[in-house]
Amino acid sequence: MNIGGLLAGLTFGYLYRYLHRFTLTLGYAGAAISVLVLWLASNATVAIGAAVFFNFIYSYTGPYLVFTSNTGLDTIQVNVLSSYLTIATIISAFFAPLVWNSLGQLGPQTLTANVLIWIMLILGGLALITGSHHPRKEV
């Protein structure tokens with residue numbers, strides 16, 4: 001999976017040059033599709049392929065968010081924002097198992113299947129939101 005993330009990191013700049021704000025939409029939509037394939041996987045090979053693709057395509061979202069959040073900031077503001085992003089990442093990594101385990105209790109299937117459904121819904125919703133958002137141009 002980490003190789004997929006590495007490849008995404010190496011190709012982020014090239015992809016962003018062509019897709020701009022739709023880079024984020026591609027990351028969320030592709031991740032939702034890969035989770036769907038993982039959920040439907042009937043054998044380990046397909047599941048592993050979907051997991052590697054997930055890490056590849058979802059790895060476009062992080063650099064996009066960091067890159068665009070730093071745009072137009074002074075150096076000191078970039079440092080402060082980077083610290084906040086690091087802290088938020090650590091806190092979210094701590095709470096993620098608790099949140100996913102709780103959400104996994106909601107649904108008709110097993111815990112794992114329910115979590116995959118929730119992930120698909122959330123990522124699909126984020127893809128729709130980012131794909132339909134039209135930023136205003138400043139005058």
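## Aromatic pairs

F94 is exposed, with a relative accessible area of 57%, whereas F95 is partly exposed at 42%; buried means under 20% relative accessible area, exposed over 50% and partly exposed in between, with a 1.4 Å probe and protein chains only. This is a predicted model, in which local features need pLDDT of at least 70 and side-chain atom pairs count only at pLDDT 80 or more, while totals for chains, interfaces and linings use all residues. Residues are numbered from 1 along each chain as its sequence is written, and side-chain values use heavy atoms, with hydrogens and water left out.

The structure holds ten aromatic pairs. Rings of Phe, Tyr and Trp (its six-membered ring) pair if their centres lie within 6.5 Å; planes under 30 degrees apart count as stacked, over 60 as edge-to-face and the rest as tilted. F12 and Y16 are stacked, at 5.8 Å centre to centre and 25° between the planes. Both lie in helix α1, four residues apart, about one turn of the helix; helices (H or I, at least four residues) are DSSP runs, numbered from the N terminus. F12 counts as buried, at 10% relative accessibility. F94 and F95 form an edge-to-face pair, with 4.9 Å between centres and 85° between the planes. One aromatic cluster is formed by F12, Y16, Y64 and F67.

Helix α2 comprises 19 residues (22-40), which at 1.5 Å a residue should span 27 Å; the end C-alpha atoms are 27 Å apart, in agreement. The expected span is 1.5 Å times one less than the number of residues. Among the buried residues of α2 are L24, Y28, A32 and V35. The buried residues of this helix pack against α1 (2-19), α3 (44-58), α4 (61-70) and α6 (111-132).

H20 lies in the loop between α1 and α2. Its phi is near 50°, a positive value in a residue other than glycine. Most residues other than glycine have a negative phi. H20 is partly exposed, with a relative accessible area of 45%.

## Nonpolar core

A nonpolar core is a set of buried Ala, Val, Leu, Ile, Met, Phe, Trp, Tyr and Cys residues joined through side-chain atoms within 4.5 Å. Of the 17 residues in the largest such core, Y28, V35, Y60, I119 and L123 touch the most other members. Two or more residues each come from α1, α2 and α6, and the largest share, six residues, comes from α6.

Leaving aside neighbours within four places in sequence, Y28 is in contact (heavy atoms within 4.5 Å) with residues including Y58, L65 and L123. M120, in helix α6, is buried at 14% relative accessible area. M120 touches A32, V35, L36 and W39, not counting residues up to four places away in sequence.
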